[in-house]
Amino acid sequence: MTLYTGSCHCGAVRFSFEADPIQKGIRCNCSMCARKGALMSAEPMPLEKLNIEAPEGALGLYQFGAKTAKHFFCNTCGIYPFHETARFAGHYRVNLGCVDGLDPLSLEVEIFDGKHLL
Ligand SMILES: [Zn+2]
């Protein structure tokens, strides 16, 4: 297992988690992800495994449609650090672009057809 740490752009929101070495990410074509354009962690992670450090009021929440997914963003810099998935309640994916030492452009990309499947 590898310990990964990450943050939004301004550093107000930080997170860490342990996972097998990350070699791929997923991109989704739903109305939200198409606009966000982020490469997300492929394995949905239970909240217990994601250590979130954010001062009170640092995280904004955006929801739409069925409002099952929780799309978080930093209230200061606007960056998306992680979200609770629509498909797996209580599970999160992180923005791999926020993870320290990881180059999202070097990772294998899996496409999820959220536009039609969510
Ligand atoms: Zn920020």
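1. In this predicted model, the four donor atoms around the zinc ion subtend angles of 106 to 117 degrees, and the arrangement is therefore tetrahedral. The criterion applied requires all angles to lie between 85 and 135 degrees.

2. The donors are the SG atoms of Cys-8, Cys-10, Cys-74 and Cys-77, which coordinate the zinc ion at 2.2 to 2.4 Å. Along the sequence, these donor residues follow the spacing C-x1-C-x63-C-x2-C. Cys-8 belongs to the loop between β1 and β2, while Cys-77 belongs to the loop between β8 (70-74) and β9 (82-84); the pair therefore ties together parts that are 69 residues apart in sequence.

3. Cys-77, at 27% relative accessibility, counts as partly exposed.

4. The strands β1 and β2, whose connecting loop holds Cys-8, also take part in a sheet. This sheet is open and consists of three strands in the order β1-β2-β6, with antiparallel pairing. Its edge strands are β1 (2-7) and β6 (51-53), each of which pairs on one side only. From one strand to the next, the twist averages 15 degrees.

5. Thr-2 stands opposite Ala-19 of β2.

Note on methods
Residues numbered from 1 in each chain as written. Predicted model: local features only at pLDDT ≥ 70, side-chain atom pairs only at ≥ 80, totals over all residues. Heavy atoms only, no water. Pairing = 2+ DSSP bridges. Helix = DSSP H or I, 4+ residues; strand = E, 2+ residues; numbered from the N terminus. Axes fitted to C-alpha atoms, helices over the stretch in contact; angles between N-to-C directions. Donors = N, O, S within 2.8 Å, 3.2 Å for Na, K, Ca; no water. Tetrahedral: all angles 85-135°; square planar, octahedral: opposite > 155°, others 65-115°. Buried < 20%, exposed > 50% of the residue type's maximum accessible area, 1.4 Å probe, protein only.
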